[in-house]
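This note sets out points for a colleague who is reviewing the coordinates. Each numbered paragraph takes up one topic and may be checked directly against the model.

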Amino acid sequence: MNANIIIKTLESFATPERKKTNEWFFKTGKGEYSEFDKFIGVRVPQTRQVAKQYFKTIDLKEIDKLISHPVHEVRHCGLIMLVNQYQAGNQEAVFGYYIGNIQAVNNWDLVDTTTPQIVGDYLHQHPEKLPLLFNFAHSDDLWERRIAIVATWAFIKQNEFSTTLKISKLLLTDKQDLIHKAVGWMLREVHKKAPDVCKTFLQKNYTQLPRTTLRYAIERMEEAERLNYLKGNF
């Protein structure tokens, strides 16, 4: 399968209205995190549809052209194809390729819709390679730090919480709101599985918790308890 066919298929779904929505939603204004990203206006379900249609017949050399493309939706499609190929059984090759091209995973949705399925799942099966996540957690790159925490969703789903808590601890002093949100999201996922584990972490680290992280983490608590956590009353 030729990458150009996939790009043209995506372009056929693009609309000016959706382009404006995507540019607003992903903060493309001056100084914002997606200032230099380009959008053509394709909806995520359509991107997934194209990826599902073609992932079986495209090789990694052609995916290179997708994930290095300046258009966000094209990169997203290529990365979703990698998820599909990984889940179809090509795990070793896809994981290696994904890590080798990690610079292409350069927005929060690209991280969130591909990292748990590839990086998280692979490292859960190969714990000897887990130091990779801690390297990412110490990275100067915003997206690598987000990859570090969001990848642990795969561990949470298996009722394993220690990796999430360790990386959350490392990222508590991060300056980026997108990291605050990601850490809070993963803590909320821990809370769904093991409320006491999450609550213990929040209480021990309360003075360091960014407010956004706390609000995300306690979202599923009962209202009275949530209000107490916001006030620091445990």
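1. Thr163 in helix H12. The model is a predicted one. Thr163 belongs to helix H12 and, at a relative accessible area of 7%, is buried. Beyond the residues up to four places away in sequence, Thr163 touches Leu130, Leu133, Thr152 and Phe155. Helix H12 itself spans 162-171, and the loop that separates helix H11 (153-156) from helix H12 contains Asn159.

2. Positive phi angles. Asn159 is not a glycine, yet its phi is positive, at about 60 degrees. With 48% relative accessibility, Asn159 is partly exposed. Lys27 also calls for a check: its phi is near 55 degrees, a positive value in a residue other than glycine. Lys27 is placed in the loop between helix H2 (16-25) and helix H3 (44-54), and its relative accessible area of 33% makes it partly exposed.

3. The two sides of helix H1. Which residues of helix H1 (residues 3-13) are buried? They are Ala3, Ile6, Ile7, Thr9 and Leu10. These residues lie on the same side of H1, because the arc they cover around the axis is only 160 degrees. Lys8 and Ser12, on the other side of H1, are exposed. The packing partners of the buried residues of H1 are H3, helix H4 (60-67) and helix H5 (72-87). At the start of H1, the backbone nitrogen of Asn4 has a side-chain oxygen of Asn2 within 2.7 Å.

4. The nonpolar core. In soluble globular proteins, nonpolar side chains tend to be buried together. Here the largest nonpolar core comprises 74 residues, and Ile6, Met81 and Leu202 are those with the most contacts inside it. Leaving out residues up to four places away in sequence, Ile6 touches Met1, Val50, Tyr54, Ile58, Leu66, Cys77 and Met81.

5. Leu66 in helix H4. Leu66 is found in helix H4 and is buried, its relative accessible area being 0%. Apart from neighbours within four places in sequence, the contacts of Leu66 are Ala3, Ile6, Ile7, Ile58, Val74, Arg75, Gly78 and Met81. For a distance check, the C-alpha atoms of Leu66 and Val119 are 19 Å apart, while the two residues are 53 residues apart along the chain.

6. Cysteines. How many disulfides does a search of the whole structure find? It finds zero. Cys77 is buried, at 0% relative accessibility. Cys198 is likewise buried, with a relative accessible area of 0%. Cys77 is also one of the residues that Ile6 touches.

7. A salt bridge between separate parts of the chain. Side chains of opposite charge can pair when their charged atoms come close. The structure contains 10 salt bridges. One of them joins the side chains of Glu92 and Lys129, with an N to O distance of 4.0 Å. Glu92 lies in helix H6 (residues 91-100), whereas Lys129 is in the loop between helix H8 (115-125) and helix H9 (131-137), so this pair ties together parts that are 37 residues apart in sequence. Lys129 is partly exposed, with a relative accessible area of 33%.

8. Lys181 and Asp177 form a salt bridge in which the closest N and O atoms are 3.2 Å apart. Both residues are in helix H13 (residues 177-193); because they are four residues apart, about one helical turn separates them. Lys181 is partly exposed at a relative accessible area of 29%, and Asp177 is partly exposed at 33% relative accessibility. A salt bridge also links the side chains of Glu189 and Lys192 (3.1 Å, N to O). Glu189 and Lys192 are three residues apart in helix H13, so they too are separated by about one helical turn. Is Glu189 buried or exposed? Glu189 counts as buried, at 9% relative accessibility, whereas Lys192 is partly exposed, at 42%.

Terms used
Residues numbered from 1 in each chain as written. Predicted model: local features only at pLDDT ≥ 70, side-chain atom pairs only at ≥ 80, totals over all residues. Heavy atoms only, no water. Disulfide = S-S within 2.5 Å. Buried < 20%, exposed > 50% of the residue type's maximum accessible area, 1.4 Å probe, protein only. Contact = heavy atoms within 4.5 Å. Core = buried A, V, L, I, M, F, W, Y, C linked by side-chain atoms within 4.5 Å. Arc of directions from axis to C-beta. Polar contact = N/O pair within 3.5 Å; in protein donor to acceptor, adjacent residues only side chain to side chain.
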